[in-house]
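Colleague: I have the sequence and the coordinates open. Can we walk through them together?

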Amino acid sequence: MTVLVLAEHDNAQLKPATLNAVAAALRIGGEIHVLVAGSGCQAVAAQAAAIAGVARVKLADAPHYAEFTAENQAALIVSQAAAYSHILAPSTSNGKNTLPRVAALLDVAQISDIVAVVDGDTFVRPIYAGNALATVKSADATKIVTVRTTGFDAVSATGGSASIETIASTADSGQVSLVGREIAKSERPELTAAKIVVSGGRGLGSGENYLQVLGPLADKLGAAMGASRAAVDAGFIPNDYQVGQTGKIVAPQLYIAVGISGAIQHLAGMKDSKVIVAINKDPDAPIFQVADYGLVADLFQAVPELVAAI
Amino acid sequence: MKILVPVKRVMDYNVKARVKSDGSEIDLANVKMSMNPFDEIAVEEAVRLKEAGVAKEVVAVSCGAAACQETLRTAMAIGADRAILVESDAELQPLAVAKLLKALADKEAPQLIVLGKQAIDDDSNQTGQMLAALLGWPQATFASKVVIADGKAIVTREIDGGLETLALGLPAVITTDLRLNEPRYATLPNIMKAKKKPLDTLTPAALGVDVQPRLTTLKVAEPPKRGAGIKVADVAQLVEKLKNEAKVI
């Protein structure tokens with residue numbers, strides 16, 4: 001068995017989600033290779049070569065891989081597929097966009113968003129917004145798998161000494177061009193990788209309140225900021241803050257839910273957090289059913305008090 | 001142009017999924033079923049493109065049991081012109097659905113296929129990408145804005161950390177995210193009108209597609225329950241617990 005893991009990166013830095021996908025690959029067993037596809041991404045290949053447990057890095061460096069389009073990445077992965085029993089990617093927007101395309105081109109199924117490896121053919125994945133866990137067995141020769149990063153503890157980013165092999169590029173599909181990209185810049189840690197997440201819901205009432213009330217708490221704790229779908233739909237903050245079934249899946253050490261009622265869709269995105277704190281004025285809010293520590297209080301008083309007390 | 005909109009019949013999003021006592025699957029007996037919410041957004045977007053004069057015809061498609069006719073009538077009540085059901089009682093996995101849709105696209109020759117980014121039952125998030133691959137078409141997944149201009153689809157996508165905008169040559173596949181639009185409610189006159197719109201039925205065999213599942217579900221289980229913790233009296237007690245009991249701050 002040889003497992004190929006698609007590296008998540010921005011042409012300069014390897015993203016931590018790659019380390020969780022490598023962890024899943026280690027559970028499958030066999031030799032692990034990491035594919036770095038990008039443009040001017042030599043530094044990323046060097047970072048990938050240092051990941052513990054990786055035997056080889058395959059580097060495809062060409063201008064048409066710079067924007068990570070599914071069309072070009074999928075063609076490249078398919079060109080390498082014959083050598084692999086398993087092809088994995090983290091369930092990031094890039095992994096989710098690209099891997100089903102690979103699966104279809106290879107005429108195999110994809111197993112999405114696995115949270116556990118039973119054996120080389122059998123995996124556990126959440127269905128129905130995490131209300132059930134399905135154990136599925138694949139009959140295909142090549143297993144195409146996306147990995148829910150919160151399901152696997154990251155391997156060490158250092159300690160490995162993989163060889164780096166430059167591989168041939170595939171042709172540019174020419175079907176897609178990038179018009180523009182708006183990536184929010186933030187001093188705070190990334191939502192899916194943060195140790196502490198402070199999350200706000202509709203109870204905050206407005207975007208100004210969201211920032212004024214939760215910002216100081218996040219700053220004090222060095223936390224990332226998240227939100228419920230209700231807060232995103234109400235326009236308090238952009239959608240990439242959303243935690244839930246169709247947003248980000250997080251599992252920090254500490255998750256503080258402020259003014260969030262706790263809809264099933266939201267719980268699906270955060271219920272694997274180690275410690276959950278809920279602050280809500282409604283004692284019957286469903287969020288209290290999953291919270292380790294619940295505080296029934298007016299958030300506009302409780303949160304500033306909390307900031308002062310820690 | 002013609003737009004194809006695949007829709008899936010799923011358990012209504014307000015219903016809490018329960019696992020059957022034998023651990024084989026989710027219990028769907030006597031449960032309210034609805035159109036997958038992301039597909040509803042796809043139908044709405046296609047109908048808006050028609051209302052804007054960009055599209056001439058919107059064709060809704062569903063693959064599954066006879067009851068999917070209901071879902072297709074809903075799509076036509078929102079504004080789809082006609083519908084096609086690929087009827088099968090077999091379990092249809094995303095690759096099989098993508099193949100059925102590819103066969104239909106070959107027949108119907110749409111310029112655009114718009115569908116939900118994922119179904120809220122199996123949460124696979126695969127069908128649109130697979131369909132694009134099988135057709136050899138470009139794709140724009142997780143769309144929050146769609147503009148058709150100069151023979152291209154200009155699509156803004158929701159990606160980790162923000163947004164990106166792609167220009168795709170047509171024909172193309174677009175999958176919808178939540179914020180693309182807010183679907184209208186079907187009005188009673190439109191629901192009545194939808195009953196008279198044409199609905200054709202085909203079978204996977206007639207399309208020459210093998211729908212044999214590739215994945216076998218061995219077991220479905222409830223996730224480990226997370227017990228409710230305690231209510232703290234005030235902020236001071238909360239801080240004390242977080243520091244000394246949970247040791248997370």
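Colleague: At what angle do helix α2 of chain B and helix α5 of chain B pack?

Modeller: This is a predicted model, where local features need pLDDT of at least 70, side-chain atom pairs count only at pLDDT 80 or more, and totals for chains, interfaces and linings use all residues. Residues are numbered from 1 along each chain as its sequence is written, with chains lettered from A and ligands numbered from 1 in the order in which they are written. Helices (H or I, at least four residues) and strands (E, at least two) are DSSP runs, numbered from the N terminus. Axes are lines fitted to C-alpha atoms, for helices over the stretch in contact, and angles run from 0 to 180 degrees between N-to-C directions; for α2(B) (residues 68-78) and α5(B) (residues 188-196), the axes are 8 Å apart and the angle is about 120°.

Colleague: Are α2(B) and α5(B) roughly parallel or oblique to each other?

Modeller: Angles under 35 degrees count as roughly parallel, over 145 as roughly antiparallel, 65 to 115 as roughly perpendicular and the rest as oblique. The angle here is about 120°. The two helices, α2(B) and α5(B), are therefore oblique.

Colleague: Which residues of α5(B) make the contact with α2(B)?

Modeller: Two residues are in contact if their C-beta atoms, placed from the backbone, lie within 7 Å. From α2(B) come Arg73(B), Met76(B) and Ala77(B). From α5(B) come Asn190(B), Ile191(B), Ala194(B) and Lys195(B).

Colleague: Now chain A. How do α5(A) and α8(A) lie, roughly parallel or oblique?

Modeller: Helix α5(A) covers residues 207-221, and helix α8(A) covers residues 299-309. Their axes are 9 Å apart, at an angle of about 25°. That makes the pair roughly parallel.

Colleague: How many residues in the contact of α5(A) with α8(A) are nonpolar?

Modeller: Ala, Val, Leu, Ile, Met, Phe, Trp, Tyr, Cys and Pro count as nonpolar, Asp, Glu, Lys and Arg as charged, and the others, Gly among them, as polar. Leu217(A) and Lys220(A) are among the α5(A) residues that take part, and Phe300(A) and Val303(A) among those of α8(A). The contact has no polar residue and one charged, and the nonpolar count is nine.

Colleague: Which residue is the bridge partner of Tyr293(A) in β13(B)?

Modeller: Strand β16(A), residues 293-296, is joined to β13(B) by three bridges. The two strands run parallel. Tyr293(A) has as its partner Ile230(B).

Colleague: How many residues of chain A are in contact with chain B?

Modeller: Chain B puts 62 residues into the contact. Its largest share, eight residues, comes from β9(B). By class, the chain B side has 34 nonpolar, 14 polar and 14 charged residues. On the chain A side, the number is 68.

Colleague: What radius of gyration does chain A have?

Modeller: The radius is taken over C-alpha atoms, and the globule rule is 2.2 Å times the number of residues to the power 0.38. With 310 residues, a compact globule would be near 19 Å; chain A agrees with that, at 21 Å.

Terms used:
Pairing = 2+ DSSP bridges.
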